[in-house]
Amino acid sequence: MKIIFLSPKINIENVKGLARYAYEIIKRVEKKFDVEIIERKSEIDVIKPQLQLLSKKFDIVHALSPELGFLLPIIKKFKKFKSIVTFHDFFPFYYKSLKYRFGKLFYLSTKIIWKMSLLNDVIIANSSLTK
């Protein structure tokens, strides 16, 4: 079985937060399965890693954040696979009330992306509060 992880950039020297989760889960899963990692190169690079799936063979895709999994339901129309998305928190939804220049735009785009991510086969919440 081949599993592809859509992952944030993992900096081994300073592994914290989401990168720590990605590092730990990948390290454990690759002991038992054939694993490939597609890292996003920057914070805004969320579409390219998902589109790379079109040219690969795999059984499962695990997007390690909602932003990296929102296109998977669309890609599943072209390929057969199981999809998993991990939700970590709801911090992006606080931007609506903050007075940032693009706060409302960020809030609306996050809402659309996260609703699309909820269409995947398996949803993982990393805490009971997030659940």
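**Entry 1: D59**

I looked up D59 and found this residue partly exposed, because its relative accessible area is 40%, where partly exposed lies between buried (under 20% relative accessible area) and exposed (over 50%), computed with a 1.4 Å probe on protein chains only. The model is predicted; local features need pLDDT of at least 70, side-chain atom pairs count only at pLDDT 80 or more, and totals for chains, interfaces and linings use all residues. Residues are numbered from 1 along each chain as its sequence is written, and side-chain values use heavy atoms, with hydrogens and water left out.

I placed D59 in the loop between α2 and β3. Helices here are DSSP runs of H or I with at least four residues, strands are DSSP runs of E with at least two, and both are numbered from the N terminus. I then listed the contacts of D59 (heavy atoms within 4.5 Å). Apart from neighbours within four places in sequence, D59 is in contact with M1, K2, F81 and K82. I also noted a C-alpha separation of 7.7 Å between D59 and K80, which are 21 residues apart along the chain.

**Entry 2: I4**

I turned to I4, which is found in strand β1. I4 counts as buried because its relative accessibility is 0%. Not counting residues up to four places away in sequence, I4 touches E36, I38, L53, K56, F58, I60, V61 and H62. For I60 I recorded the separation from I4: 56 residues in sequence, but 6.3 Å in space from C-alpha to C-alpha.

**Entry 3: K2 and E36**

I looked up the salt bridges, each defined as a side-chain nitrogen of Lys or Arg within 4 Å of a carboxyl oxygen of Asp or Glu. The structure holds six of them. In one, K2 pairs with E36, with the closest N and O atoms 2.9 Å apart. This pair links distant parts of the chain, with K2 in strand β1 and E36 in strand β2, 34 residues apart. I checked the accessibility of both partners. K2 counts as partly exposed because its relative accessibility is 22%, and E36 counts as buried because its value is 19%.

**Entry 4: Helix α1**

I examined α1, which spans residues 17-29 and has 13 residues. From first C-alpha to last, α1 reaches 19 Å, close to the 18 Å expected at 1.5 Å a residue; the expected span is 1.5 Å times one less than the number of residues. Within α1, A19, A22 and I26 are buried. Seen down the axis, the buried residues of α1 fall within an arc of 60°, so they line one face of the helix; the arc is that of the directions from the helix axis to the C-beta atoms. The buried residues pack against β1 (2-7) and β2 (34-39). On the other side of α1, I found G17 and R28 exposed.

I traced a network of salt bridges that links R20, E24, K27 and R28. E24 bridges to R28 with the closest N and O atoms 2.4 Å apart, and K27 bridges to E24 at 3.6 Å between the closest N and O atoms. Because E24 and R28 are four residues apart in helix α1, about one helical turn separates them. K27 and E24 are likewise separated by about one helical turn, because they are three residues apart in α1. An α-helix has 3.6 residues a turn, so residues three or four places apart point the same way.

I noted the accessibility of these partners. E24 is partly exposed at a relative accessible area of 21%, K27 is partly exposed at 33%, and R28 is exposed at 52%.

**Entry 5: The nonpolar patch**

I searched the surface for nonpolar patches, made of residues with over 30% relative accessible area and no salt bridge, with nonpolar side chains (Val, Leu, Ile, Met, Phe, Trp, Tyr) joined within 5 Å. I47, L51, L54, I74 and F78 form such a patch, with about 500 Å² of accessible area together; areas come from the Shrake-Rupley method with a 1.4 Å probe, and for residues only the protein chains shown count as cover. L54 lies in the loop between α2 (47-51) and β3 (60-63) and is partly exposed, with a relative accessible area of 43%.

**Entry 6: The whole chain**

I closed with totals. The protein has four helices and five strands, which follow the pattern β-α-β-α-β-α-β-α-β along the sequence. Buried residues make up 38% of its 131 residues. Among contacts between residues at least 6 apart in sequence, 59% join residues at least 24 apart.

Conventions: Patches are made of residues with over 30% relative accessible area and no salt bridge: like charges are joined within 9 Å, nonpolar side chains (Val, Leu, Ile, Met, Phe, Trp, Tyr) within 5 Å.
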